[in-house]
Amino acid sequence: MDYLEITGGKRLGGSIAIDGAKNAALPLLAATILFKNPVTIDNLPNVNDIFTMLKLLENLGARFAIVGDRAKIDASSIDRTIAKYDIVRKMRASILTLGPLLTRFGHCEVSLPGGCAIGQRPIDLHLKALEMMGAEILIEQGYVVARAPQGLKGATIVFDKITVTGTENIVMAAALAHGRTRILNAAKEPEVVQLCEVLREGGVSIEGIGSDELLIEGTGGEMLKVDHITVIPDRIEAGTYLCAGAITNSKITLTRVNHSHMVAVILKLQEMGFDFDIEKDAITIKPASKIRPVKIYTAEYPGFPTDMQAQFMALALTAEGTSTIEERLFENRFMHVSELIRMGARITLNQNTAGVEGDANLKGADVMATDLRASSALVLAGLIAEGTTRVHRIYHLDRGYVKLEEKLRTLGADIKRLKE
Ligand code: EPZ
């Protein structure tokens, strides 16, 4: 297994490009199940989750070719509807094939994704919504067995909790359903917006895109025609590198970003004392004269993203004072705390609220990644820790960050990937 070795204390500088958003690309790949023609997808991030989804689609009978960040996918040839456990267990976002397979074929079996480090992560809201649309759902030997022999029917769905992949699954299910589906309390993340825009371009009438109420006129089984997609930039990757600049109090530039997707993160960094130069698709963060402590409450978009919580906890260690971070979406998303404490951080936990003492004097240590975003927080802490930090189990990182150590090295960090 690989690990990252980081020697802290280096100021950063220069510019790096941001890749396409993993969490936009995953639903878009699942949506190809609805397309009657091959589609070219550009700005596809080369991360393991994307290859896992492509493998899953291939196992169902789709064909794809990928060169660099461009993939050509033809899912019209899909002739199997069982998403197997051995692939789904690697990536819970495989559940995004449930809605498309069911609405296209009238039956499918998708392995239950199971929980992960950050929480139990149920899919009850996905299943309840599909039942509202006329599906018969059974759970058999760890699989969701779904049937809708007459196809899915439009329905009014109110999500009890805002769910990103839940909204995406139902939007895709509704795309080929018979009649109108109204989704209330829908997720509004930019990744959900791009999926809706692509489906609308493919021939589905969708109103309310970007709002928490979506109105979808199903095509009644008619497949969609989409020729080309360019995946939106990854707002979480970009936020992570802004934190790399902030934690080392350096001036760095990110290109190929969409800063309108990052308002909560940028404002939070400004609150901490950092300044920015913002251009059309680039953003430069500049050093703060004094790094102020901060209060963070994670929330659904456009609130502060839970996927940036761990990175800001590392950054808060450099503030002049104590910060508080309340994680409101997931029940166990503080796995990075114990590892940061091993580096000398002083963090107290009270249920889902962390108290983070600033002016930390971090020392390099061997630490273990537990989930995708926690891993990036440990790398950020390593950038400023005295001495050498080794981050182990970085397969978590490889699921969602393209060439992280190369990009940080480009910015001047002393970081290398080694084998255990
Ligand atoms: C998406 O996960 C993202 N993944 C996550 O990013 C992100 O952290 C999360 O949204 C929240 O923004 C992808 O888009 C592939 P949810 P998702 O359904 O859709 C509860 C990363 O780091 N819930 O919005 O699985 C759930 O337990 C990943 O890239 C139910 O109770 O999250 C959670 O508490 C990590 N029942 C809350 O809702 C359900 O049926 C939000 O979950 C569904 C969700």
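This note sets out numbered points on the cavities and charged side chains of a predicted model.

1. Basis of the values. Local features in this predicted model need pLDDT of at least 70, side-chain atom pairs count only at pLDDT 80 or more, and totals for chains, interfaces and linings use all residues. Residues are numbered from 1 along each chain as its sequence is written, and side-chain values use heavy atoms, with hydrogens and water left out.

2. Cavities. A search of the whole structure finds two cavities of 30 Å³ or more. A cavity is a set of points, on a 1 Å grid over the protein atoms alone, where a 1.4 Å probe fits but cannot get out; lining residues have an atom within 4 Å of a point. A volume is the space filled by probe spheres set on the points, which are joined across faces, edges and corners.

3. The largest cavity. Its volume is about 50 Å³, and its lining consists of Ala 21, Lys 22, Asn 23, Glu 191, Asp 234, Arg 235, Ile 236 and Arg 373. Helix 1 (22-31) and helix 8 (235-247) are the elements that give two or more residues to this lining. Helices (H or I, at least four residues) and strands (E, at least two) are DSSP runs, numbered from the N terminus. By class, the lining has two nonpolar, one polar and five charged residues. Here Ala, Val, Leu, Ile, Met, Phe, Trp, Tyr, Cys and Pro count as nonpolar, Asp, Glu, Lys and Arg as charged, and the others, Gly among them, as polar.

4. The second largest cavity. This cavity holds about 40 Å³ of space. Thr 240, Tyr 241, Ala 244, Ser 376, Val 379, Leu 380, Leu 404 and Leu 408 line the second largest cavity; helix 8, helix 12 (372-384) and helix 14 (404-410) each give two or more of its lining residues. Six of the lining residues are nonpolar, two are polar and none is charged.

5. Asp 371. This residue lies in the loop between strand 22 (366-368) and helix 12. Asp 371 is buried but has no salt bridge, and the nearest side chain of opposite charge, Arg 333, is 4.6 Å away. Buried means under 20% relative accessible area, exposed over 50%, and partly exposed in between (1.4 Å probe, protein chains only). A salt bridge is a side-chain nitrogen of Lys or Arg within 4 Å of a carboxyl oxygen of Asp or Glu. As to charge, Lys and Arg count as positive and Asp and Glu as negative, while His and the chain ends are not counted.

6. Salt bridges across the chain. The whole structure has 31 salt bridges. One of them joins the side chains of Lys 419 and Asp 2 (2.6 Å, N to O). Lys 419 is in strand 24 (residues 414-419) and Asp 2 in strand 1 (residues 2-7), 417 residues apart. Lys 419 is exposed, at 65% relative accessible area, whereas Asp 2 is buried, at 19%.

7. A buried pair. Lys 407 and Glu 237 also meet in a salt bridge through their side chains (2.6 Å, N to O). This pair links helix 14, which holds Lys 407, with helix 8, which holds Glu 237, 170 residues apart. Lys 407 counts as buried at 10% relative accessibility, and Glu 237 counts as buried at 2%.

8. A network. Salt bridges that share partners join Glu 5, Lys 10, Asp 366, Arg 390, Asp 414 and Lys 416 into one network.

Conventions
1 Å grid on protein atoms, 1.4 Å probe; cavity = no way out; pocket = protein on both sides within 12 Å on 5 of 7 lines; lining within 4 Å.
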